[in-house]
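Subject: Structure handover

Hi,

Here is the structure I promised to pass on.

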Amino acid sequence: MTYRIATGLGAAMLALIAGTAQAEVRIGMITTLSGGGAGLGVDVRDGFQLALDQAGRADVRLVVEDDAQRPELAVQVAERMIQSERVHILTGLIFSNLAMAVVPSTVAQDIFYISPNAGPSALAGAGCHENYFNAAWQNDTLHEAAGNHANELGYERTFLLAPNYPAGTDALTGYRRYFEGDYAGEILTTVGQTDYASEIAEIRDSDADSLFIFLPGGMGISFMRQWADSGVDIPIISAGFTFDQDNLPAMGPAALGVINTGQWSPDLDNDVNRAFMAAFQDRFGRIPSIYASQGYDTAKLILSAIDTADVTDRAAFREALRAADFEATRGAFRFADNHHPIQTIYVREVIEQDGVITNRIIATAFEDHRDVHGDDCAM
């Protein structure tokens, strides 16, 4: 599917006046639009598209394709976009195993990859690259915030549950980095798993006083439905990936009261976020998720660089991306030296408001937080 962004004469004249007129900028978006993770990719796509439409750019073309959550397909699509579509920028990947399959070869071909979601530790540390930027977070960081808040809640024995792929192992590593208690058990599940009966039985039989889970997309929905039916009464702490607007309607009341962490929330009180919330709901008829906000911010980042430098001048465009001269839905945004965000991370609680299950901010976990892997990045 290909999107062409049409604008009037005004935007073109502004670009000429600013001295930054350039040929068409081609952006390839590879994201998950089918299967259990489809809601995440749809939200990233819609948030990104909204920002492009609001900008009304005649010099930007967006090409969108589905990766079906399959690494081998994502690699094929990436190569086709680079070789046939001649894209200057790739973006869109949701899952970290797909990012690990696509990003290294992409940046090695002198193509920019700007992540709206997946932030595996390998790409933040020794595997960092000057053409790779993450506009969302590094995988560990939101889970670090969850581990830190678990201490404040007085938890002493947490049971850990996450899928066995890079984002899952990063999640557990991040939680452990800050949690000061012990562990009642740990299970790495299969990516895309839908039956959690045996895992729930093991959690029930443990002496856990809390459960930390990372189960994005359909995995989280399946787990929470079965958790609600099990009658197990152990408090859950997580990150926004599992308990966000893409999942909450399907989880229903089972999610109420769950504590989770995120760099964004629907109730974040700033002008950019309020305008984004209104525009997204007006356009798509639903409350945006953290993924939609990340898609929107990623597009805003790219547009800010396009306004400053020609994308074919790699060095100048790279510096324009590093400057991050845009207003983000999450508030203040800047990059660390490894091209991952330095940002505030909030503690959120799942609530019901006006008949809608959503999140509200209840505390700040970290301010100006950066990932630990930048120390291993040679840039």
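**Cavities**

The count comes to 2 cavities of 30 Å³ or more. On a 1 Å grid over the protein atoms alone, a cavity is a set of points where a 1.4 Å probe fits but cannot get out, and lining residues have an atom within 4 Å of a point. Grid points are joined across faces, edges and corners, and a volume is the space filled by probe spheres set on the points.

Before the details, two notes on the source: this is a predicted model, where local features need pLDDT of at least 70 and side-chain atom pairs count only at pLDDT 80 or more, while totals for chains, interfaces and linings use all residues. Residues are numbered from 1 along each chain as its sequence is written, and side-chain values use heavy atoms, with hydrogens and water left out.

The largest cavity has a volume of about 80 Å³. It is lined by 14 residues, and the closest to its centre are Ile-94, Asn-117, Trp-137, Ala-167 and Phe-214. By class, that lining has 10 nonpolar, 4 polar and no charged residues. Here Ala, Val, Leu, Ile, Met, Phe, Trp, Tyr, Cys and Pro count as nonpolar, Asp, Glu, Lys and Arg as charged, and the others, Gly among them, as polar.

The second largest cavity has a volume of about 40 Å³. Its lining includes Trp-137, Gln-138, His-340 and Asp-371, and β13 gives the most to it, with 3 residues. Helices (H or I, at least four residues) and strands (E, at least two) are DSSP runs, numbered from the N terminus. The classes in this lining are 3 nonpolar, 5 polar and 1 charged.

**A pocket and a buried asparagine**

The second largest pocket holds about 170 Å³ of space; a pocket is an open set of points with protein on both sides within 12 Å along at least five of seven lines. The elements that give two or more residues to its lining are β13 (341-353) and β14 (356-369), and β14 has the largest share, 4 residues. Among the lining residues are Pro-266, Met-277, Gln-353 and Asn-359.

Asn-260 sits in strand β11 (residues 259-262) and is buried, at a relative accessible area of 0%. Buried means under 20% relative accessible area, exposed over 50% and partly exposed in between (1.4 Å probe, protein chains only).

In α13 (residues 314-323), Phe-317, Arg-318, Ala-320 and Leu-321 are buried. Down the helix axis these residues fall within an arc of 160 degrees, so they line one face; the arc is that of the directions from the axis to the C-beta atoms. They pack against β4 (89-91), β5 (112-115), β6 (132-134), α12 (290-306) and β12 (334-335).

Gly-37, in the loop between β2 (25-31) and α2 (38-55), counts as buried at 1% relative accessibility. Leaving aside neighbours within four places in sequence, Gly-37 is in contact (heavy atoms within 4.5 Å) with Thr-32, Gln-69 and Phe-95.

Best wishes
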